[in-house]
Amino acid sequence: MPTMLFMGPSGVGKTLAARTIASRAKATLVKFSSTETIAEIVERLLTMQKGDVAFFDECHKLSQDNQEMLYEVIDSDNVPARFVPDSAGKEPVKIASISLIFATDQPGRLQNALYKRIASPVNFEPYPVGEMKEIVERIATRQNILLTPQAARRLAMACNGLPRRAEHHVQRIRLYFVSSEDRANGIGLPDVVEYLRAHGIDSEGLSRLDRKVLDYLGENGTASLGTLARFSATLLTMVGRVEREQ
């Protein structure tokens, strides 16, 4: 499989997609952490079997040396000798032919040389409201909470397309309404509106931070991406993409 880069905000299913690919290929998924040293990564790469999937989550946090080491892994299934512990030779060390999947919400922080070697970049878009409603309902069912269809849809709108936010909202609603599991008629739309208002989330699903960004733009007319990035980590992704295009 060609080297892939999964790009998108946290919680849209990048890790799940990598696991699914490995499972359907009947391959072993080996997950690498950005905190591992280059020696630890190399040692694990050398033990992988043909067809295994190496998954680098939050790959933008990989050190420069770690990213440079992966250039040759992608190009020729080799690890440069200088990165192999206790290697006395000058020749690169061959590893099994494996698939590499990278995942990040900040692609602009990748080394340009690594980014250009990735054959298949994949953008993970936020889920539409209809699908988010189904996700909210499934999560609520797992937590023994009954939501009316209108309540589930309203909560889905507040998730802005991110399943992880659905997990958080349902859990908070369960705590906000102490008797939520015992309500015969479930939690209705007025309850969800009350919960969202209490947590500073408006009818468009915007948080106080989101509104702060919009207020700043309204007052100043324009703002640099660097200024906007200080408001929200999500905007850092946008900054990186624009920097690469420039």
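Cys-159 counts as buried because its relative accessibility is 0%, where buried means under 20% relative accessible area with a 1.4 Å probe and protein chains only. Cys-59 is likewise buried, at 0% relative accessibility. The structure holds zero disulfides, a disulfide being a pair of cysteine sulfur atoms within 2.5 Å.

The model is predicted, with local features needing pLDDT of at least 70 and side-chain atom pairs pLDDT 80 or more, while totals for chains, interfaces and linings use all residues. Residues are numbered from 1 along each chain as its sequence is written, and side-chain values use heavy atoms, without hydrogens and water.

S2 and strand S3 (residues 53–56) are joined in the parallel sense over four bridges, and Phe-32 stands opposite Phe-56 in S3.

The second largest pocket has a volume of about 560 Å³. A pocket here is an open set of points on a 1 Å grid over the protein atoms alone, where a 1.4 Å probe fits, with protein on both sides within 12 Å along at least five of seven lines; lining residues have an atom within 4 Å of a point. The volume is the space filled by probe spheres set on the points, which are joined across faces, edges and corners. Of the 22 residues lining this pocket, Gly-11, Val-12, Gly-13, Lys-14 and Arg-164 are the closest to its centre. H5 gives the most to the lining, with five residues.

How values were computed. Helices (H or I, at least four residues) and strands (E, at least two) are DSSP runs, numbered from the N terminus. Buried means under 20% relative accessible area, exposed over 50%, partly exposed in between (1.4 Å probe, protein chains only). Two strands pair if DSSP finds at least two bridges between them.
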